Amino acid sequence: MNIKNKSIEILEKQKCTGCEACCQICPENAITMEYNNEGFLYPIVDHNKCTNCGLCSKICPEIGFTFDNSKNPKCYAMEAIDEIRKVSSSGGMFTILSNYVFEKGDMYAEFHLTMLGK
């Protein structure tokens, strides 16, 4: 019986970014991240633990990724002045957005940080 491998091992090694999303989502803790001989992190699957559920492949940003160059993007880029960028970890984006909200005065806003995980 030949079972199709759904694990992260289907990803070509040179395409892996080492983001660890596959490792974090694995419900069986079957994936560890190890450095390869070139110094890059790469997922290693423990086949004794892996149930071949495919969650790791589904969350991988490199598997099935396609560019969608829309004329109406759902995201925007911004850049703060040098003085703000030098003391910011976000390129000044949060400062720009929060200043905008405070200037409007009557606006309600929430800022969310979403992290992948179990």
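**Confidence.** I checked pLDDT, the predictor's confidence in each residue on a scale from 0 to 100. The protein averages 79, and 78% of the residues score at least 70. This is a predicted model, so I kept its thresholds in view: local features need pLDDT of at least 70, side-chain atom pairs count only at pLDDT 80 or more, and totals for chains, interfaces and linings use all residues. I number residues from 1 along each chain as its sequence is written, and side-chain values use heavy atoms, with hydrogens and water left out. Where pLDDT is low, the predicted coordinates should not be read in detail.

**Elements.** I took helices (H or I, at least four residues) and strands (E, at least two) as DSSP runs, numbered from the N terminus. I find four helices and two strands. Their order from the N terminus is α-β-β-α-α-α. Which element has the lowest confidence, and which the highest? Helix α4 (residues 93-104) is lowest, at a mean of 82, and strand β1 (residues 31-35) is highest, at 93.

**Helix α4.** I looked at its span next. The 12 residues of α4 reach 17 Å from first C-alpha to last, close to the expected 16 Å at 1.5 Å a residue. The expected value is 1.5 Å times one less than the number of residues.

**Whole-chain totals.** I used relative accessible area for burial: buried is under 20%, exposed is over 50%, and partly exposed lies in between (1.4 Å probe, protein chains only). By that rule 19% of the 118 residues count as buried. For contacts I required heavy atoms within 4.5 Å. Among contacts with a separation of 6 or more, 49% join residues 24 or more positions apart.

**S57.** Is S57 buried or exposed? S57 counts as buried, because its relative accessibility is 10%. S57 lies in helix α2 (residues 55-59). Leaving out residues up to four places away in sequence, S57 touches K6, S7, I8, I10 and I63.

I found N29 with a positive phi of about 55°, although N29 is not a glycine. N29 sits in the loop between α1 (21-25) and β1. N29 is partly exposed, with a relative accessible area of 43%. N52 is not a glycine either, and has a positive phi of about 60°. I place N52 in the loop between β2 (41-45) and α2.

**Cysteines.** I searched for disulfides, meaning a pair of cysteine sulfur atoms within 2.5 Å. How many disulfides are there by this rule? The count comes to zero. C53 is in no disulfide either, with the nearest cysteine sulfur, that of C26, 6.1 Å away. C53 is partly exposed, at a relative accessible area of 35%.

**E12.** I located E12 in the segment before α1. E12 is partly exposed, with a relative accessible area of 40%. E12 and I63 are 51 residues apart along the chain, and their C-alpha atoms are separated by 9.3 Å. What does the side chain of E12 contact? It makes a polar contact with the side chain of Q14, at 2.9 Å. A polar contact here is a pair of N or O atoms within 3.5 Å; within protein, one must be able to donate a hydrogen and the other to accept it, and residues adjacent in sequence count only if both atoms are side-chain atoms.

**E34.** I found E34 in strand β1. At 43% relative accessibility, E34 counts as partly exposed. E34 and I44 are 10 residues apart along the chain, with C-alpha atoms separated by 6.8 Å. Not counting residues up to four places away in sequence, E34 touches F40, L41, Y42 and I44.
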